[in-house]
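These are my notes from going through the structure. I kept them in the order in which I looked things up.

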Amino acid sequence: MMRAAARTPLLGAAVLAAALVGGCATDSGPKSPGIRINADPYPSTYAAYPGAPTLIRGATVLDGEGGRIENGSVLIAGGKVEAVGGPELVAPAGAITIEAQGRYVTPGIIDVHSHLGDYPSPGTQSHSDGNEATSPARPEVWAEHSVWPQDPGFTRALANGGVTALQVLPGSANLFGGRSVVLKNVPARTVQGMKFPGAPYGLKMACGENPKRVYGSKGQMPQTRMGNIAYVRETWIQAKAYDGKWDKYERDGGAMPERDLAMETLRGVLDGEILVHNHCYRADEMAIMIDVAKEFGYKIASFQHGVEAYKIADLMRDNGICGALWADWYGFKMESYDGINENIALTHNAGACTIVHSDDANGIQRLNQEAAKAIAAGRRAGINVSEQVAWTWLSSNPAKSLGIFDRTGSLKAGKMGDVVLWNGNPFSAYTRPDKVWIDGALLFDSANPRLRPVTDFELGQPGEGDVK
Amino acid sequence: MNRLLLLTAALLGSASPLAAQTVAITNGIVATGDGSDPVQGATVIVRNGRVTAVGQGIAVPADAEVIDASGKWVTPGIVAGFSRLGLAEVDLGADGSDDTETGGSPFSAAIDVAPAINPLASTIAVSRADGVTRAIVAPVAGRSIFGGQGAVIDTGSDMNPILRARAFQFVEMGESGAAKAGGSRASTFVLFRNALREARNLGGGGETISGRARDPQPQTDDVPYEEQQDPRLLGADIRRGDDALLNRFDAAALVPVVRGRQLLLVHVERAVDILNVLSLRREFPSLRIALVGVSEGWTVADRIAASGVWVIASALNDLPASFEMLAATQSNVGRMQRAGVKVAIGMIDDNDTRYVRNQRQYAGNLVGLSKVPGAAGVSWGEAFAMISSRPAEAVGVGREIGTLAAGRRGDVVIWSGDPLELASAPEAVWIDGVRQPLENHQSKLRDRYRSLERGVLPEVYRK
């Protein structure tokens, strides 16, 4: 309860104690304010695992905000980053000291586009829980209600990818796909046990080919891109009306309006409490979505995929929208035909916030390498992005786009102890995570077979406990 | 470097058709692709489209164009170990751009991908710009477990992509094959046996069930390749049983397979499926088999090694993505290699049209595994061989491509650095001794949108 209370301001539910179940009305008189709906009915129960005070010394430290320290030190204690500095940093009594010469220390990688748990391994029909493709607008569904915490993909993302937090999104069949959830990459028995405490919800929206294909093939709207936008606008008109009704009720009281889960999510967006992550490939479509957002008074936190972001990077910069991008995916459908390897570098160079994302259970294991490819393509195009700046694509920019940068995403004193020690330069194909801490707890250690997670599904199966 | 740039500019400005040149690439860090470590300061000579000499202290012919590759790496071109390169431009929602779909065809084994390869596809140009000079191209199985006949192609900027048509017959024998054969693996194997028996009957017998495993055949270029099908197989006088399941064209296409004159490339992942496929040679002793996928290969690596068959493996599968890959691990390739299995790397079910250029990243990752306690990595030389000579050898064209050695085709790449590293890129590419353009749709888009400043004309005028 304390944990839930701590996050309420973020979610805008001021009176948590008065949480109601759907449909209840009150007769509290015209001038007394209405009762607030519980905005957090599935609260995080995540609790950090214990860690030991640890000093990593002699490493190259990339702090995730563009800083770099050669022969640097990082002290983790009490689940937090305690201090970051040079060789002068000393270990407190009883701390573990790791001599990390030749290795790199970074903040944990944050993947803002994952379907782990919703499209888990094995990818069977029974496990396919990522697209509620029954209506073009399903903002009422929540990705967390599909997450299978036993997906072996979480453990691979940890051990091979150094991923310490991730956003699980619904799929892109729908214009409004539903709410996303941000997870700590610490498998638990329940999804609540993985939820990033206090992380805002996201709303997955989608442009382009997917919604028009899924519904067009059923002979229903939308069948075209113009149908996509019309449907989106109609839905926002409903949301505005719903928001107004509830604003009035919360201010003036009276008869409680009927609850609508879909509209509750959209209301959260209009109130700035839920962040829009918009799947869009083409430059022209992204520009239209920016106008839609202005028309209805909400903000887009990120364009996801943004294969043509490089064509409108100035627009993204001017509107404060991050591009969550791939290093080199292209051409698998028409809206990705103009994908280029320089997309991330060009978009970054234009001053927009850029993020390397995966959308893939394999790609999430190699996001550091994807960033390396993006740096290399940029350098060949005359854009020199340093390693330390490129790491912002992997930790601080993702954290900013998810609204959790005050707690993670960089190596700064007081932030969560989400830290990766790499066994070499993480921009090399030859490098792997050596150790990974989440909230100061050592959860992967390449040298320790005991610190190699095995999901329920893998127990007793061929290859159980393998390095993977 | 300056010299390279000048040469590029000269070629781009030239209107004459690309032709094989005599080239001497000197002072490079040369990796020949045969599994050995790279050699510093070596020279590669290419003449008349072929490599004529490689090594240190090689004399440079007087008429050669000399390219100083000091500080650069020089290798054979990358060979895509398993791909659909050139078959599809766009996979989804782009009518007319995709020739991988054959589910509506009345034919299966008889299908030949060669005429479907579009040498001007953007995917070929993009792959070429990343140093991929050759590709093994497999059909996608449609209505049958037999997908048809795949080709080995080059990625050259010309209209002659085919190095070897009908290089192999492709068959799905795992989960995917089971679905096509009626639902189960049991139905797959009876369908397979029936088809090969029909082919054997059509081919005039000649082989009997030996009941014992045959010695593995050498899988090299020495095995004759049938350029033309035996016309007797297609004649009107061939009598067939009333219960024949294959149409005559498909059955005829399997005759070279059952006779061991055409390689059978088998997609299989699960350990028991691998063993069942290997045991097919008890009934069809002439079969020449290579396996692709093979995610659980490490669990039966000794048996694969003993069989002598080639494996073209997925490099980094480590998720139980399906029930036939529960044992998937990135140590699969390293463990198989240690056990003596002949291994190449391919992109099976991994965006095999566009990701072929990432084979070198995957190979680098296998090298990186050597540093992970408990994992099985591979050496640099072996990793590079797995994306150059090994795939070529696996499909019987190892004497033509995949290595820098006298007599091989002149497929050479000069890299800015270690080709298995993420920062490296090709600076020059030759195929059959012809210097290749590296420009493509992507590089031109990059140049068009390098600046977003509004100009005197719209962007569409920037070419």
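**Disulfides.** I began with the cysteines of this predicted model. I find 2 disulfides over all chains. One of them joins Cys207(A) to Cys280(A), with an S to S distance of 1.9 Å. I looked up where the two ends sit: Cys207(A) is in the loop between strand 9 (202-206) and helix 3 of chain A, and Cys280(A) is in strand 10 (residues 275-280) of chain A. The two are 73 residues apart, so I log this as a link between distant parts of the chain. Cys207(A) and Cys280(A) are both buried.

I then turned to Cys322(A) and Cys353(A), which form a disulfide with their sulfur atoms 2.0 Å apart. I note that this link is right-handed, with 95° about the S-S bond. It also connects distant parts of the chain, its cysteines being 31 residues apart. Cys322(A) belongs to strand 12 (residues 322-325) of chain A, while Cys353(A) lies in the loop between helix 8 (343-349) and strand 13 (354-356) of chain A. I list Cys322(A) and Cys353(A) as buried too. Counting bonded cysteines along the chain, I get the pattern 1-2, 3-4 for chain A.

**Thr106(A).** Next I checked a single threonine. Thr106(A) is in strand 5 (residues 104-107) of chain A. Is Thr106(A) buried or exposed? I have it as buried, because its relative accessible area is 0% and the cut-off for buried is under 20%. Its side chain makes a polar contact of 2.9 Å with the side chain of Trp422(A). Leaving aside neighbours within four places in sequence, I find Thr106(A) in contact with residues including Leu62(A), Trp391(A), Leu411(A), Asp418(A) and Pro426(A).

**Helix 2 of chain B.** How many residues of helix 2 of chain B are buried? I find 8 of 8 buried in this helix, residues 122-129. Among them are Ile124(B), Val126(B) and Arg128(B). I looked for what covers these buried residues, and the cover includes strand 7 (132-137), strand 8 (146-154), strand 15 (426-431) and helix 12 (441-448) of chain B. Just after the helix, I note that Gly131(B) has a positive phi of about 90°.

**Contact of chain A with chain B.** I left the interface for last. Chain A gives 57 residues to the contact and chain B gives 54 residues. I record about 4700 Å² as the area buried between the two chains, with 53% of it from carbon and sulfur atoms. Tyr330(A), Tyr430(A) and Arg432(A) supply 17% of the area that chain A buries against chain B, more than any other three residues.

For specific pairs, I find 2 salt bridges across the interface. In one salt bridge, the side chains of Glu342(A) and Arg446(B) meet at 3.3 Å, N to O. I also have 33 residue pairs in polar contact between chain A and chain B.

Which elements give two or more residues to the side of chain A that touches chain B? I list helix 2 (152-159), helix 3 (209-216), helix 7 (313-318) and helix 9 (367-380) of chain A. Helix 9 of chain A has the largest share, at 6 residues. By residue type, I sort this side of chain A into 22 nonpolar, 18 polar and 17 charged.

Notes: Residues numbered from 1 in each chain as written. Chains lettered and ligands numbered in written order. Predicted model: local features only at pLDDT ≥ 70, side-chain atom pairs only at ≥ 80, totals over all residues. Heavy atoms only, no water. Contact = heavy atoms within 4.5 Å. Buried area = accessible area lost by both parts, 1.4 Å probe. Salt bridge = Lys/Arg side-chain N within 4 Å of Asp/Glu carboxyl O. Polar contact = N/O pair within 3.5 Å; in protein donor to acceptor, adjacent residues only side chain to side chain. Helix = DSSP H or I, 4+ residues; strand = E, 2+ residues; numbered from the N terminus. Nonpolar A, V, L, I, M, F, W, Y, C, P; charged D, E, K, R; others polar. Buried < 20%, exposed > 50% of the residue type's maximum accessible area, 1.4 Å probe, protein only. Disulfide = S-S within 2.5 Å.
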